Amino acid sequence: MNRNYKFNNKSGLYFVSFATVNWLDVFTRQIYFNVLAESINYCRKEKGMELYCYCFMPSHVHLIYRSRLEDPSSLLRDFKSYTAKKVIESIENNPQESRKEYLLWFFERATKKKSNNAKYQFWQHHNKPIELWS
């Protein structure tokens with residue numbers, strides 16, 4: 001996450017937006033979209049996410065949420081980490097994915113440029129949290 005953008009109010013309501021590396025249109029397939037939906041449901045039930053609004057786009061996600069545990073940064077980090085691993089795993093194991101080599105090449109290339117990840121980088125690092133007041 002870019003250090004210029006921070007979750008200053010731990011109990012605040014935030015709008016965040018984050019995209020896949022190179023704005024790749026990954027979520028055009030239902031199987032990958034389902035990973036996002038299942039992860040959101042898990043975070044709501046188990047990780048204290050109060051979700052007010054979301055929008056899944058082919059290459060990015062918008063969320064308006066609050067963390068009941070007052071740790072919005074960790075909640076988002078865990079969500080992004082889990083979804084990245086699951087979507088990449090789904091791509092690797094999908095015999096009908098015609099873009100498999102193309103997508104994995106971009107994820108691997110992004111890791112070599114600037115990443116903490118070992119093999120693939122799925123999400124761009126920044127989230128740009130904006131605290132909402134009204």
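Apart from its neighbours within four places in sequence, Phe107 is in contact with Val21, Leu24, Val26, Ile88, Ile91, Lys119, Tyr120, Gln121 and Phe122. The model described here is predicted. Phe107 also belongs to the largest nonpolar core, a set of 34 residues, in which Val26, Leu63, Tyr65, Phe107 and Phe122 touch the most other members. At least two residues of this core come from each of E1, helix H1 (30-46), strand E2 (49-56), E3, H2 and H3. The greatest contribution is that of H2, with 7 residues. In soluble globular proteins, nonpolar side chains tend to be buried together.

Buried positions in H3 are Lys100, Leu103, Leu104, Phe106, Phe107, Ala110 and Thr111. These residues are on the same side of H3, because the arc that they cover around the axis is only 155°. An α-helix has 3.6 residues a turn, so residues three or four places apart point the same way. Glu101, Lys112 and Lys113, on the other side of H3, are exposed. The cover over the buried residues of H3 includes helix H2 (72-92).

Strand E1 (residues 13-19) pairs with two other strands, E3 and E4. The pairing of E1 with E3 is antiparallel and extends over 6 bridges, while that with strand E4 (residues 130-132) is likewise antiparallel and comprises 3 bridges. Phe15 takes part on both sides: Ile64 stands opposite Phe15 in E3, and Ile130 is the bridge partner of Phe15 in E4. Strand E1 is mostly covered, with 5 of its 7 residues buried. In a regular strand the side chains alternate between the two faces of the sheet.

Strand E3 (residues 60-67) also contains Ser67. With a relative accessible area of 3%, Ser67 falls under the 20% limit and is therefore buried. A polar atom of the Ser67 side chain lies 3.1 Å from the backbone nitrogen of Asp71. When residues up to four places away in sequence are not counted, Ser67 touches Lys10, Gly48, Pro72 and Leu75.

Technical notes: Residues are numbered from 1 along each chain as its sequence is written. This is a predicted model: local features need pLDDT of at least 70, side-chain atom pairs count only at pLDDT 80 or more; totals for chains, interfaces and linings use all residues. Side-chain values use heavy atoms; hydrogens and water are left out. Helices (H or I, at least four residues) and strands (E, at least two) are DSSP runs, numbered from the N terminus. Buried means under 20% relative accessible area, exposed over 50%, partly exposed in between (1.4 Å probe, protein chains only). A polar contact is a pair of N or O atoms within 3.5 Å; within protein, one must be able to donate a hydrogen and the other to accept it, and residues adjacent in sequence count only if both atoms are side-chain atoms. Contact means heavy atoms within 4.5 Å. Two strands pair if DSSP finds at least two bridges between them. The arc is that of the directions from the helix axis to the C-beta atoms. A nonpolar core is a set of buried Ala, Val, Leu, Ile, Met, Phe, Trp, Tyr and Cys residues joined through side-chain atoms within 4.5 Å.
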